[in-house]
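Subject: Structure for your files

Hello,

Here is the structure I said I would send. My notes on it follow below.

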Amino acid sequence: SNSTNIMKRIELIMGRNIPDGGRVSDYMINEFIRNEIMPHFEYGTFIDGEGLWKGEYEKTKIFYIEVADTEAIATAVLLRHVADRYRKQFRQESVLVSEVETSTSWIT
């Protein structure tokens, strides 16, 4: 059978440049993921990205999770807390939480 559910994809985009020089290293970001993201989520996807922030090239780490529409608000709130921790820990300016409506089909 075919069933389609309205889902929300909630993304946390973490820039890796540190103001006044330096970068969030792979080790630093992996520790952050282990300590601040993994304890709160049972699943999700990480992507290494590249972007621009204020005209500067920047590596990014993206975490996204697809949730049922009914879980979207709670998930977005939790990801905003994670974003705040990231911002403070690495003195980051380019941290974004975004939400996209998706349509997910499970084929069984």
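How many residues does helix H2 have, and how far does H2 reach from its first C-alpha to its last? Helix H2, residues 72-89 of this predicted model, has 18 residues and reaches 26 Å, close to the 26 Å expected at 1.5 Å a residue.

The buried residues of H2 are Ala-72, Thr-75, Ala-76, Leu-79, Val-82, Ala-83 and Tyr-86. They cover an arc of only 120° around the axis, so they sit on the same side of H2. The general rule behind such a pattern is that an α-helix has 3.6 residues a turn, so residues three or four places apart point the same way. On the face of H2 turned away from the buried side are the exposed residues Ile-73, Ala-74 and Lys-88. After H2 comes Arg-91, with a positive phi near 50°.

Now the strands. E2 (residues 45-53) and E3 (residues 56-68) run antiparallel and are joined by 9 bridges. Leu-52 has Tyr-57 in E3 as its bridge partner. The hairpin of E2 and E3 has 2 residues between the strands, and Lys-54 in this hairpin takes a positive phi near 50°.

Asn-17 lies in the loop between strand E1 (2-15) and helix H1 (26-37), and a polar atom of the Asn-17 side chain is 3.1 Å from the backbone oxygen of Tyr-57. Is Asn-17 buried or exposed? Asn-17 counts as buried because its relative accessible area is 17%, under the 20% cut-off. Leaving aside residues up to four places away in sequence, Asn-17 touches Gly-22, Arg-23, Glu-56, Tyr-57, Glu-58 and Gln-92.

Regards

Notes
Residues numbered from 1 in each chain as written. Predicted model: local features only at pLDDT ≥ 70, side-chain atom pairs only at ≥ 80, totals over all residues. Heavy atoms only, no water. Pairing = 2+ DSSP bridges. Helix = DSSP H or I, 4+ residues; strand = E, 2+ residues; numbered from the N terminus. Buried < 20%, exposed > 50% of the residue type's maximum accessible area, 1.4 Å probe, protein only. Polar contact = N/O pair within 3.5 Å; in protein donor to acceptor, adjacent residues only side chain to side chain. Contact = heavy atoms within 4.5 Å. Expected span 1.5 Å × (residues − 1). Arc of directions from axis to C-beta.
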